[in-house]
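Here are my notes on the model you sent. Please read them alongside the sequence and the coordinates.

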Amino acid sequence: MQALSIKDLTKTYATGTKALKGVSLEIPESDFFALLGPNGAGKTTIIGITTGLVNKTSGTIEVFGVDTSTEPEKAKMQMGLVGQEVNFNPFEKVLNIVVNQAGYYGIPRAVAIPRAEKLLTDLGLGEKMDQNAMTLSGGMKRRLMIARALVNEPKFLILDEPTAGVDVELRRGMWEYLTALNKKGVTILLTTHYLEEAEQLAKHVAIINKGEIVESGTVEEVIAKHHTGDAKESPGYRGGRLEEVFLKLTSEK
Ligand SMILES: Nc1ncnc2c1ncn2[C@@H]1O[C@H](COP(=O)(O)OP(=O)(O)OP(=O)(O)O)[C@@H](O)[C@H]1O
Ligand SMILES: [Mg+2]
């Protein structure tokens with residue numbers, strides 16, 4: 001069973017921008033999948049269409065075999081989303097943000113409250129539960145978004161740059177948390193610009209450039225196919241092998 005199956009997905013925005021030009025992607029159940037690509041490549045558009053926030057132009061998407069067009073609500077029940085932009089009410093209390101999200105899934109408050117408390121504690125926000133969300137730092141807000149996305153215990157967690165603006169230590173903690181979740185069977189799809197972390201932690205990767213998937217496979221396969229060791233070819237090269245491959249496949253020259 002595939003957690004996510006995308007076929008020939010296209011998206012042309014009202015502005016005329018062709019954001020996706022025929023994307024196909026398969027994510028097996030229990031995978032840890034990193035979707036990589038430069039700014040504007042189409043990552044958030046794929047996530048937006050998958051989670052029902054953006055309308056597609058054509059193509060099909062199935063989440064655990066459920067078509068997101070014909071059964072959008074059923075598809076949504078299986079997913080948790082940590083979006084790229086912070087989008088909660090800053091005047092709401094941290095605990096309530098998580099508990100109220102559970103309401104959208106029909107989870108009774110008596111179940112939601114202890115679950116939210118545990119998630120927030122596990123994510124290091126135990127002390128902040130009764131404060132307004134606006135009092136959180138940037139990295140804490142990202143973790144609140146993770147807690148909120150997990151309150152319906154989704155089988156499939158999608159995170160759009162969860163570690164953007166998060167310091168080294170916290171970033172490491174977040175990757176550990178996600179790895180542990182993945183070990184319990186939760187399928188993870190994330191986007192990130194931290195290629196070294198993706199190289200270490202993801203099982204499969206896809207590299208997208210200008211609305212087209214230019215490479216995909218296991219991290220080892222992708223590196224083995226393109227890595228030459230001749231890093232000087234890649235402008236801006238700094239470190240890991242995946243970074244070298246990424247630059248080779250996405251740079252203008
Ligand atoms: N609401 C919108 N209306 C018009 N064009 C849009 C809209 N959202 C995104 N785009 C365009 O679609 C393309 C893909 O954008 P998208 O946000 O999917 O990229 P991304 O890969 O997530 O980039 P980043 O790494 O910067 O987050 C870009 O050219 C962007 O300008
Ligand atoms: Mg994006």
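1. Ser 5 has Glu 62, in β4, as its bridge partner. The model is a predicted one, and the points below should be read as describing that prediction.

2. Five bridges join strand β1 (residues 2-12) to strand β4 (residues 58-63), and the pairing is antiparallel. In general, the strands of a sheet pair through backbone hydrogen bonds, in either a parallel or an antiparallel sense.

3. Four strands make up an open sheet in the order β2-β1-β4-β5, with antiparallel pairing. Its edges are β2 (18-28) and β5 (66-67), each of which pairs on one side only.

4. What lies across β1, β2 and β4? Helix α1 (residues 43-50) does, and it runs at about 115 degrees to β1.

5. Helix α5 covers residues 138-150, which is 13 residues. From first C-alpha to last it reaches 19 Å, close to the 18 Å expected at 1.5 Å a residue.

6. The buried residues of α5 are Arg 142, Arg 143, Leu 144, Met 145, Ile 146, Ala 147, Arg 148, Ala 149 and Leu 150. The elements that the buried residues of α5 pack against are β6 (79-82), α3 (94-104), α4 (109-122) and β7 (156-160).

7. Between Gly 138 and Lys 128 the C-alpha to C-alpha distance is 13 Å, with 10 residues separating them in sequence.

Technical notes:
Residues are numbered from 1 along each chain as its sequence is written. Chains are lettered from A and ligands numbered from 1 in the order in which they are written. This is a predicted model: local features need pLDDT of at least 70, side-chain atom pairs count only at pLDDT 80 or more; totals for chains, interfaces and linings use all residues. Helices (H or I, at least four residues) and strands (E, at least two) are DSSP runs, numbered from the N terminus. The expected span of a helix is 1.5 Å times one less than its number of residues. A residue is buried if 20 or more other C-beta atoms lie within 10 Å of its own, exposed if 12 or fewer, and partly exposed in between; C-beta atoms are placed from the backbone. Two residues are in contact if their C-beta atoms, placed from the backbone, lie within 7 Å. Two strands pair if DSSP finds at least two bridges between them. Axes are lines fitted to C-alpha atoms, for helices over the stretch in contact, and angles run from 0 to 180 degrees between N-to-C directions.
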